[in-house]
Amino acid sequence: MISSEHMTINIGPQHPSTHGGLHVEAVLDGEKIIDTIVHVGYVHRGMEKIAESKTYAQFIPYSSRFDYLASNLPNLGYVQAVEKLMGIKVPERAEYIRVILAELSRIASHQLFIGSLCIDLGATTAMMYCFRDRERIMDMFEMTSGQRLITAYMRIGGVAEDLPEEFYPAVRSFLKDLPAMLKEYDGLIFGNEILQARLKGVGKLSAEDAIAYGVSGSNLRASGVNYDIRKIEPYGIYDRFDFEVPLGQNGDCWDRLMVRVEEIVQSARIIEQALEAMPEGEIKAKVPRVLKAEKGAEVYHRIESSKGELGYYIVSDGTDKPYRMHVRAPSFINLAVLPIISKGGLLQDIIANIATLDPVLGESDR
Amino acid sequence: METLFLDISQALTGWLQSLGLSYTWADFILLIIQFGCIVGIVILNITILIWLERKISGFFQLRLGPNRLGPFGVFQTIADALKLMTKEDIIPGKTDKWIFRTAPFLFITVAIMLYIVIPMGDGMQIVDLNIGVFYFISLGSLTTIALLMAGWGSNNKWSLLGAMRSVAQMISYEIPLSFSLLGVIMIAGSLKLSDIVAAQSNIWFIVLQPIAFITYFIAATAELNRGPFDMPEAEQELTAGAYTEYTGMRWALFFLAEYTNLVAVSAMASTMFLGGWQGPVLPSWLWIIIKTYIVMFIFMWVKWTFPRIRMDHLMSFSWKFLLPVSLANIVITGVGIYIFKWIGWC
């Protein structure tokens with residue numbers, strides 16, 4: 001074997017495939033990866049500190065900006081954490097609306113995942129097909145909240161407004177077309193041999209490593225660990241729905257992709273059931289104008305975000321603002337395994353690995 | 001219409017000779033004019049081609065493509081070219097200046113030189129070399145050096161990686177490319193492109209050599225650095241590979257040269273496999289244009305459909321699959337020719 005001098009290159013923070021401001025320092029031997037060091041923090045906006053100077057309600061729009069690709073999910077996590085802290089009961093209808101929007105967000109996020117993975121692998125056309133379909137979900141968000149990306153639709157004690165009339169046909173037709181969309185992706189993307197060759201067996205993450213590093217969400221399930229917060233610790237009304245948790249076997253990039261594809265199908269199932277069972281009634285609980293928690297009260301609430309286990313830890317000092325808020329950001333923790341799964345691969349595998357770990361830097365850096 | 005361009009050149013020679021020049025000098029001046037025409041046509045053709053590729057990719061990607069400047073946005077490329085020409089020519093401080101500066105010119109020169117041997121119609125060939133195919137292949141491999149110069153001269157790690165990839169890729173794909181053309185040469189019995197076209201008057205070589213055509217197409221895609229083999233450029237991995245440090249017109253020259261190569265390789269494919277300029281009704285020069293554009297459309301189709309292949313897969317695909325296939329094709333062709341001669345069919 002010919003051995004050559006090692007070369008350190010910086011992938012990012014200005015790079016087409018780093019999904020925002022991610023900086024990966026890669027030590028290469030030719031194209032082979034010897035080591036990678038992940039640097040985060042380029043999108044740090046001091047969100048946790050901002051939370052300390054905002055009232056509980058004022059922070060809702062900020063929470064949407066954590067994971068801006070599935071903004072209903074961090075939003076939901078935050079309002080549920082505050083409700084748990086203050087013991088607020090949410091009306092039935094609002095719970096169902098929340099589930100529908102959260103699962104739509106998950107589908108949108110996973111569709112974007114497929115699209116951005118494709119563009120990272122050089123299949124620029126495939127990306128457009130995913131974005132075309134995601135656009136329909138964005139339109140639905142626009143109907144509900146007036147916003148497409150950063151919705152801020154959840155409220156403490158419910159949701160901002162009832163679903164508009166035109167929302168129901170839109171979501172029903174989307175669910176009807178979803179199998180056709182997935183079939184199209186299957187023909188254009190998943191069935192492609194080049195893509196399979198680039199993803200299968202690449203970036204293997206063992207279940208032990210995944211657990212040791214605290215990886216969560218689809219990345220963990222791709223390694224074969226059955227761990228979905230919606231199942232093991234159902235929040236909201238998730239215990240009422242019948243859905244499966246898709247699992248991978250090898251923990252490679254291909255499994256991480258396939259798990260997400262299957263999750264789209266399961267999310268669609270949840271939405272169908274929620275639409276079926278949704279009762280009429282109030283959409284917002286009666287909550288006091290000034291929300292205050294007891295002095296010293298603290299809460300940790302976690303939800304299954306599209307990126308993994310998203311947790312909010314809130315400590316109250318008795319005023320209308322949290323004393324301290326911490327976010328367990330799944331993107332940040334998932335990124336920690338990038339050096340392990342990239343080691344020994346090629347430079348091109350780093351790109352596939354980053355894409356399949358699906359980090360959102362807004363959430364990772366907060 | 002058939003002899004339109006030949007008539008023009010005849011008239012020009014006659015006019016030059018009427019000025020009192022000897023035949024040799026008139027021919028020499030005509031040659032210079034022909035070279036000028038090649039450069040002009042190449043650049044004009046490419047402005048159309050870039051627009052076409054953007055429109056086609058837009059069609060594939062459910063977009064509109066350029067649609068602001070002129071009807072269907074046809075003037076978009078011209079506007080882009082103007083923008084590139086007015087841009088500052090940045091040469092980064094620690095580059096190897098001479099190599100950095102000359103690389104784009106070498107690249108485009110080589111690309112344009114390819115056109116000299118391609119028969120663009122009945123009798124429309126600037127030089128009918130008796131080693132036409134050999135000339136084409138050997139010049140085509142010179143582009144590697146230009147890319148290596150660009151990558152090395154840029155003094156940028158991404159560029160160097162891109163250049164290394166391009167060398168590895170081009171050397172591996174040169175061999176199946178040449179071997180795929182060998183089958184055609186064996187049947188035609190000549191390296192002269194006019195002879196090869198003439199040999200296809202009854203049957204196109206794509207019928208006799210389908211495997212060679214596919215091998216040629218794949219290897220040519222790799223030679224052109226086009227998707228799914230665009231490793232040296234690799235936008236999403238190497239930012240832009242060997243071209244990372246180039247700006248303005250120097251970058252545009254690379255861009256131009258890539259399209260020039262695309263046209264040349266497609267014209268070569270139509271000459272070698274699709275009967276060249278031969279075709280009914282329409283004039284010969286129109287036929288080769290039609291065929292070339294069809295081949296180019298397939299190149300674009302492939303590029304806008306597939307993801308990029310990985311470097312190690314690329315190499316093993318060339319050495320472990322394309323090379324044996326093209327070698328087997330040569331053996332089968334040889335045996336076939338022998339049997340045909342034995343039966344007395346040719």
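Me: Where in chain B is Lys192(B) found?
Reply: This is a predicted model; local features need pLDDT of at least 70, side-chain atom pairs count only at pLDDT 80 or more, and totals for chains, interfaces and linings use all residues. Residues are numbered from 1 along each chain as its sequence is written, chains are lettered from A and ligands numbered from 1 in the order in which they are written. Helices (H or I, at least four residues) and strands (E, at least two) are DSSP runs, numbered from the N terminus. Lys192(B) sits in the loop between helix 6 (157-188) and helix 7 (193-199).

Me: Is Lys192(B) buried or exposed?
Reply: Buried means 20 or more other C-beta atoms within 10 Å, exposed 12 or fewer, partly exposed in between, with C-beta atoms placed from the backbone. Lys192(B) has 20 such atoms within 10 Å, so Lys192(B) is buried.

Me: Which residues does Lys192(B) touch, not counting those up to four places away in sequence?
Reply: Contact requires C-beta atoms, placed from the backbone, within 7 Å. The partners are Asp128(B), Asn130(B) and Gly132(B).

Me: Which helix gives the most to the side of domain 1 of chain B that touches domain 2 of chain B?
Reply: An automatic or database domain assignment sets the bounds: domain 1 (1-86) and domain 2 (94-343) of chain B. Across the boundary, 20 residues of domain 1 contact 18 of domain 2. With 12 residues, the top contributor is helix 2 of chain B.

Me: How many bridges join strand 2 of chain A to strand 3 of chain A?
Reply: Strands pair if DSSP finds at least two bridges between them. Strand 2 (residues 23-29) and strand 3 (residues 32-39) of chain A run antiparallel, and the bridges number seven.

Methods
Contact = placed C-beta atoms within 7 Å.
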